Amino acid sequence: MGKLFMMDFPADQVKIRSCFRDEALLEEIRNTSPDRTTIDKIQEVYGELLFPPAPEDRPYTFCSVVLSSDGKMAFADRSAGPLIARENYFDPSGALADFWMLNALRVYSDGIILGAMTLQNEAHNTSHVFDREMADQRVRQLGKTPHPMNIVVSFDATDIPFDHILFQVDPQENLPVAVATSPKGLEEVRRRCRRPVLALGPLNDGEPVDGRELLDRMKQEPDSLPVFVTGKENRPDAGMLLKVLRSMGMERLLIESPSYNWHLMENGWLDEFFINYSMVYAGGTITPGSGRPFAHNRHPHARLLTLGTHQSSFMYTRQKLYYGVEPTTDLEGYRY
């Protein structure tokens with residue numbers, strides 16, 4: 001494979017106009033954030049973007065998704081998620097701004113979680129920083145590697161398309177790639193992957209994890225595909241994976257798999273949700289959390305941190321998630 005595809009995002013085209021900011025909550029984040037300033041391009045286009053420190057036992061996690069006005073993340077006839085933004089004919093630059101926002105979150109991430117289905121639907125996409133300016137600023141201003149690690153998650157690896165370009169990236173492009181799966185999945189990776197496989201695990205809950213040792217092993221075999229092995233049989237352990245990645249020094253993790261994002265929410269492990277709304281109507285049933293509903297009296301809550309717009313066709317939200325919220329008012333018998 002050749003060089004990673006990079007592109008320009010003209011600031012005047014992707015500029016997001018701020019409409020609302022919860023200054024009290026943002027001040028709390030500002031006072032604890034390990035980043036003292038926002039990188040230049042993000043400050044120019046979006047405004048201040050800082051994150052709290054990571055918990056001790058897992059990275060700070062966030063996800064980004066674009067939804068239609070009626071809450072759908074894909075059209076029924078074509079399931080590629082980016083089309084919800086791209087098929088907004090009123091505002092093509094708003095779709096570019098949506099993609100830019102995803103890239104802004106990649107800038108701050110140490111790792112990115114990708115689902116096998118995403119690779120199946122987007123055969124030519126990799127989750128690197130596409131914006132040339134921000135990729136450079138990520139290195140100069142944040143002191144990070146050029147691109148975050150891409151981690152493909154799967155129960156048993158039978159659904160991973162190993163002919164995807166993600167597994168063919170030249171190591172000189174500085175885009176680290178790994179797989180996270182179960183013990184059964186490791187057998188499948190070894191059987192189907194053309195690259196040498198470096199098994200990291202099995203890593204079980206309750207056992208000590210030496211992240212430095214894992215990193216050393218990866219450095220010793222730079223041409224191998226690292227495979228984080230957790231859980232039992234064909235059921236990986238997401239909580240253990242988060243613990244392992246944190247032990248390796250990952251402080252922020254971007255979730256680009258809708259189903260994995262929902263799994264983290266179900267366990268209280270997703271910290272923020274960046275939801276962009278494209279003012280189109282899609283209909284159908286392809287929506288976040290479909291088939292996995294929360295109960296009316298036990299569900300995550302969110303507080304809106306920021307709201308921005310692009311013309312009148314896109315809204316961009318940043319939401320802080322809260323779990324275990326108890327009702328403050330007795331609503332029994334209340335009529336709506």
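Let me begin with R21, which is partly exposed at a relative accessible area of 25%, where partly exposed lies between buried, under 20% relative accessible area, and exposed, over 50%, using a 1.4 Å probe and protein chains only. What we have here is a predicted model, in which local features need pLDDT of at least 70 and side-chain atom pairs count only at pLDDT 80 or more, while totals for chains, interfaces and linings use all residues. Residues are numbered from 1 along each chain as its sequence is written, and side-chain values use heavy atoms, with hydrogens and water left out.

R21 forms a salt bridge with E48, their closest N and O atoms being 3.6 Å apart; a salt bridge here is a side-chain nitrogen of Lys or Arg within 4 Å of a carboxyl oxygen of Asp or Glu. R21 sits in strand 1 and E48 in the loop between helix 3 and strand 2, 27 residues apart, with helices (H or I, at least four residues) and strands (E, at least two) taken as DSSP runs numbered from the N terminus.

E48 also forms a salt bridge with R30, at 2.7 Å between the closest N and O atoms. Because R30 lies in helix 2 and E48 in that loop, this pair ties together parts 18 residues apart in sequence. Salt bridges with shared partners join R21, E23, E27, R30 and E48 into one network.

Elsewhere, R132 and D8 meet through their side chains in a salt bridge of 2.9 Å, N to O, linking helix 7 to the segment before helix 1 across 124 residues. R132 is partly exposed at 42%, whereas D8 is exposed at 55%. By this rule, the count comes to 17 salt bridges.
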